[in-house]
Amino acid sequence: MHGIFSSDSIWRARQILDGIPGRATGAYSHGQGIKALRETIAAGIAARDGFPANSEDLFLTDGASHGVHMIMRLLIRSEKDGILCPIPQYPLFSASIALHGGTFVPYYLNEATGWGLEISEVKHQLEAARVRGIGVRAIVIINPGNPTGQVLAKENQEEVVQFCKTEGLVLLADEVFQENVYVDNKKFHSFKKIARSISYGEKDICIVSLQSVSKGYCGECGKRGEYMEVTGLHKDIMDQLYKLASMNTCSNTSGQILASLVMNPPKSGDESFEMFCAERDGILSSLARRAKILVNALNQLEGVTCNKAEGSMHVFPRLHLPQRAIKAAEAVNMMPDAYYAQRLLDASGIVVVRGSGFGQVPGTWHFRTTILLQEDKIPAIISRWTTFHHKFMEEFCD
């Protein structure tokens with residue numbers, strides 16, 4: 001075994017097994033997740049942020065989607081309860097709000113400033129919702145952005161935290177792309193770190209943070225491993241959240257273990273450290289190159305504009321379609337962006353997702369595409385896409 005696995009990998013596996021009651025990975029666990037694994041994750045959060053983390057604040061779930069559903073079920077009592085969400089947004093949030101009977105309260109990101117989050121816009125939408133009798137209980141922030149690929153500046157995050165404290169909002173932070181930052185002038189900062197750094201404690205603000213093994217450099221989306229850190233809720237409410245978690249018995253133990261490994265990677269001095277760094281950095285640098293190549297290619301297409309991919313795994317280009325193309329879409333009862341996406345698929349085999357599925361400013365059209373294309377195949381894909389796009393624009397030239 002020592003000839004196959006590094007010594008620290010063997011030690012780590014034994015340590016994990018020793019922390020599981022009965023060393024049984026196939027047994028049920030505590031409803032919040034195996035305590036030893038939660039303690040490992042809490043230590044990882046503390047190391048990342050420079051502020052303490054408590055394992056009792058952690059819930060290990062089967063993917064971030066399950067964590068979102070738990071929180072929405074806790075927050076929403078009726079259609080009079082609203083949740084602020086960005087537009088564009090990852091549709092999990094709007095679907096979960098609808099599923100649990102709440103009201104979706106959109107705020108628009110500013111495409112002209114690189115999908116900027118403007119507090120004035122959020123405040124406007126909050127006040128408009130309150131005028132309609134909606135009690136807004138929380139705000140969703142996706143950082144780095146999905147589908148938009150922006151990374152929030154630290155100063156912007158401080159504004160958000162201060163706004164939530166002033167307005168009494170729960171801050172629901174989707175931070176699953178925290179490892180995916182591709183620009184030198186920005187870094188990922190968790191919202192809890194931002195809050196603590198400006199001296200806001202648990203009595204000042206409630207923050208729910210989501211992290212997943214599906215993203216980052218790991219990409220093990222089928223393992224369904226995620227943690228949700230919940231700080232600032234009253235103990236009685238935390239007890240209700242624990243009841244919700246217990247209704248699902250527990251999350252899968254393989255996902256729990258993987259979540260702990262993501263937050264406790266090999267360290268300097270470990271036998272596997274150099275190999276780990278080489279693999280991690282290789283993946284992330286490749287993603288950065290792919291993002292740059294794809295964005296540059298998209299911006300070369302007539303009628304397409306695409307903001308820089310600062311992070312995450314997606315970009316959200318805007319389509320400036322000819323009126324004839326819009327009318328052709330309407331004639332077959334399709335959204336113009338869906339029509340473009342369908343034509344692209346039929347002609348080239350390239351799959352993109354229509355922007356109207358994520359939300360967009362009325363009268364604008366977009367699509368989401370991923371940067372996960374195999375790097376050596378990107379030139380051929382761009383060539384097929386460019387050929388299609390030229391023909392499409394010629395066909396519908398006004």
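A residue counts as buried when its relative accessible area is under 20%. Arg 12 has a relative accessible area of 11%, so Arg 12 is buried. This structure is a predicted model. The protein chain has 398 residues, and buried residues make up 51% of them. The secondary structure comes to 13 helices and 12 strands.

**Overall shape and surface**

- The protein chain has a radius of gyration of 22 Å. A compact globule with 398 residues would have a value near 21 Å, so the two agree.
- The C-alpha trace spans about 70 × 60 × 35 Å along its principal axes.
- Take the contacts with a sequence separation of 6 or more: 70% of them join residues 24 or more positions apart.
- The protein chain exposes about 18100 Å². Carbon and sulfur atoms supply 53% of that area.

**Charges**

- The protein chain carries 41 positive and 43 negative side chains. The centres of these two sets lie 2 Å apart.
- Side chains of opposite charge can pair when their charged atoms come close.
- How many salt bridges does a search of the whole structure find? The search finds 16.

**Salt bridge Arg 12 – Asp 270**

- Arg 12 forms a salt bridge with Asp 270, and their closest N and O atoms are 3.9 Å apart.
- This pair links distant parts of the chain, 258 residues apart. Arg 12 sits in helix H1 (residues 7-19). Asp 270 sits in the loop between helix H9 (253-262) and helix H10 (273-299).

**Salt bridge Lys 192 – Glu 229**

- Lys 192 pairs with Glu 229 in a salt bridge, with the closest N and O atoms 2.7 Å apart.
- Lys 192 lies in helix H7 (residues 191-197) and Glu 229 in strand E7 (residues 226-231), so the pair ties together parts that are 37 residues apart in sequence.
- Are these two residues buried or exposed? Both Lys 192 and Glu 229 are buried.
- Lys 192 has a relative accessible area of 5%. That value is under the 20% cut-off, so Lys 192 counts as buried.
- Glu 229 is one of several contacts of Lys 192 beyond its neighbours within four places in sequence.

- The side chains of Lys 235 and Asp 239 meet in a salt bridge, 3.1 Å from N to O.
- Why are they separated by about one helical turn? Because Lys 235 and Asp 239 are 4 residues apart in helix H8 (residues 235-247).
- Lys 235 counts as exposed, at 57% relative accessibility. Asp 239 is partly exposed, at 31%.
- Elsewhere, salt bridges that share partners join four residues into one network: Lys 35, Arg 38, Glu 39 and Glu 56.

**Helix H9**

- H9 is mostly covered, with 8 of its 10 residues buried.
- Which residues of H9 are buried? They are Thr 253, Gly 255, Gln 256, Ile 257, Leu 258, Ala 259, Ser 260 and Val 262.
- These buried residues pack against two helices, H1 and H2 (35-49). They also pack against strands E1 (58-61), E6 (207-212) and E7.

- Where is Gln 150 found? Gln 150 is in the loop between strand E4 (135-142) and helix H6 (154-167).
- Gln 150 counts as buried, at 5% relative accessibility.
- Gln 150 and Gly 311 are 161 residues apart along the chain, yet their C-alpha atoms are separated by 5.8 Å.
- Leaving out residues up to four places away in sequence, Gln 150 touches Leu 109, Gly 114, Trp 115, Ile 142, Asn 143, Pro 144, Gly 145 and Glu 310.
- Thr 369 is found in strand E12 (residues 365-370). At 4% relative accessibility, Thr 369 counts as buried.
- Which residues does Thr 369 touch, not counting those up to four places away in sequence? Thr 369 touches Leu 294, Leu 298, Met 313, His 314, Val 315, Val 352 and Trp 385.

Definitions and conventions: Residues numbered from 1 in each chain as written. Predicted model: local features only at pLDDT ≥ 70, side-chain atom pairs only at ≥ 80, totals over all residues. Heavy atoms only, no water. Rg over C-alpha atoms; globule rule 2.2 N^0.38 Å. Buried < 20%, exposed > 50% of the residue type's maximum accessible area, 1.4 Å probe, protein only. Contact = heavy atoms within 4.5 Å. Areas by Shrake-Rupley, 256 points an atom, 1.4 Å probe, with all protein chains shown as cover. Lys, Arg positive; Asp, Glu negative; His and termini not counted. Charge placed at Lys NZ, Arg CZ, Asp CG, Glu CD.
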